[in-house]
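Look at the sequence and the structure below.

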Amino acid sequence: MQLNLRYDGSGTDAGLVMLGEDQFIAYPLGLCASTTSSCPGGDAGCAPFVAAGTNFDLTVTFVGWEPGPDPDICDNTTTPNYAEANLVITSTKLSPTGGNAGVITPTSYNHLVSLTGSNTVTMTESEVGVFTYTIDPPNYWGIYDLGTATTAAVGRFYPAKFSVSVSDHGNLAPNCAGTSSFTYSGDSMYWDAEPALTITALNSSDVVTENYTQAGYLKLTATDVYDGITAPTQDNTATGIAALPLPVVADMRTGTLTTASAGVMTYRFDTALDTLTYTRSSTAAVSPFTPDLTWTTSAVADSDGAAFT
């Protein structure tokens, strides 16, 4: 900016004209950064914010100096004319203590002139957890250090979804073992080797959210999985005398959910209490056959709403 001064004399200075000019640089006192997240505890106890990998807004505001004590500059008058390129954005993971630091996009932005002095940056965070975000602008005119601004705790980020696959199809144990092992219709069978599912927590880009299995962040329970499993009511291929599928009764209990690796869980059917019985009837008098049964999963979700895909 340039300041121009002119003095026109009067009285004893009548006829005196004095001109002066000088240039100066006006720049912001500093900046503030915020989101709509409310996470006062800064840990897994915070309410869910957004799913990992999905958009959230980071607001950056530049402000001017105000006289007097100023412990919180964020309520100062804004500086709408401020504009600069390549402001750096970094993240710091507050929680969980271990795990993956996550990846953010973008890692920089250009601050544009704005009537409010604020710019909103659309961000994504790849991981589960609670984070802070720091804005570091370049020195103004290459000279004046404007400092940095860091958000309050942002989170809790949670998985966008789960993938599920069969890691063990399982085997039923025959009631009568020997040269020709078999089970009569009407007799209950137990698992010889129980089926197992591999469940993987993912962000919206299908990248594993490794922090999900850290303490406090795993919200999926064995009951959630069990409630979403539908047991078979008939054999897929075996038919009775009337050429109708053989009916079967599956008495299933809640299995176990354990952590297999970072972001990956294993659900195992209950090997001790699950039973499966082919209904005994006059139409079930058929030749020996190998069971062909299908369990399906649907509508499985954790308490944050992250669901099986």
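## Disulfides

In this predicted model, C39 and C46 are joined by a disulfide, with 2.0 Å between their sulfur atoms. The link of C39 and C46 is right-handed, with 90° about the S-S bond. C39 and C46 are both buried. A disulfide is a covalent bond between the sulfur atoms of two cysteines.

The count comes to two disulfides. C32 is joined to C74, S to S 2.0 Å, and this link is left-handed, with -110° about the S-S bond. C32 lies in strand 3 (residues 30-34) and C74 in the loop between strand 4 (55-63) and strand 5 (84-95), so the pair ties together parts that are 42 residues apart in sequence. C32 is buried, at 9% relative accessible area, whereas C74 is partly exposed, at 47%. Counting bonded cysteines along the chain, the disulfides follow the pattern 1-4, 2-3.

Five strands form an open sheet with antiparallel pairing, in the order 13-14-21-18-17. Strand 13 (171-173) and strand 17 are the edge strands, each pairing on one side only. From one strand to the next, the twist averages 40°.

Strand 17 and strand 18 run antiparallel and are joined by two bridges. T239 stands opposite P245 in strand 18.

## A nonpolar patch

The loop between strand 17 (234-239) and strand 18 (245-251) holds I241. Is I241 buried or exposed? I241 has a relative accessible area of 58%, so I241 is exposed, because exposed means over 50%. Together with V286 and F289, I241 forms a nonpolar patch on the surface, with about 240 Å² of accessible area together.

Definitions and conventions. Residues numbered from 1 in each chain as written. Predicted model: local features only at pLDDT ≥ 70, side-chain atom pairs only at ≥ 80, totals over all residues. Heavy atoms only, no water. Patch = residues over 30% accessible without salt bridge, like charges linked within 9 Å, V, L, I, M, F, W, Y side chains within 5 Å. Areas by Shrake-Rupley, 256 points an atom, 1.4 Å probe, with all protein chains shown as cover. Salt bridge = Lys/Arg side-chain N within 4 Å of Asp/Glu carboxyl O. Helix = DSSP H or I, 4+ residues; strand = E, 2+ residues; numbered from the N terminus. Buried < 20%, exposed > 50% of the residue type's maximum accessible area, 1.4 Å probe, protein only. Pairing = 2+ DSSP bridges. Axes fitted to C-alpha atoms, helices over the stretch in contact; angles between N-to-C directions. Disulfide = S-S within 2.5 Å.
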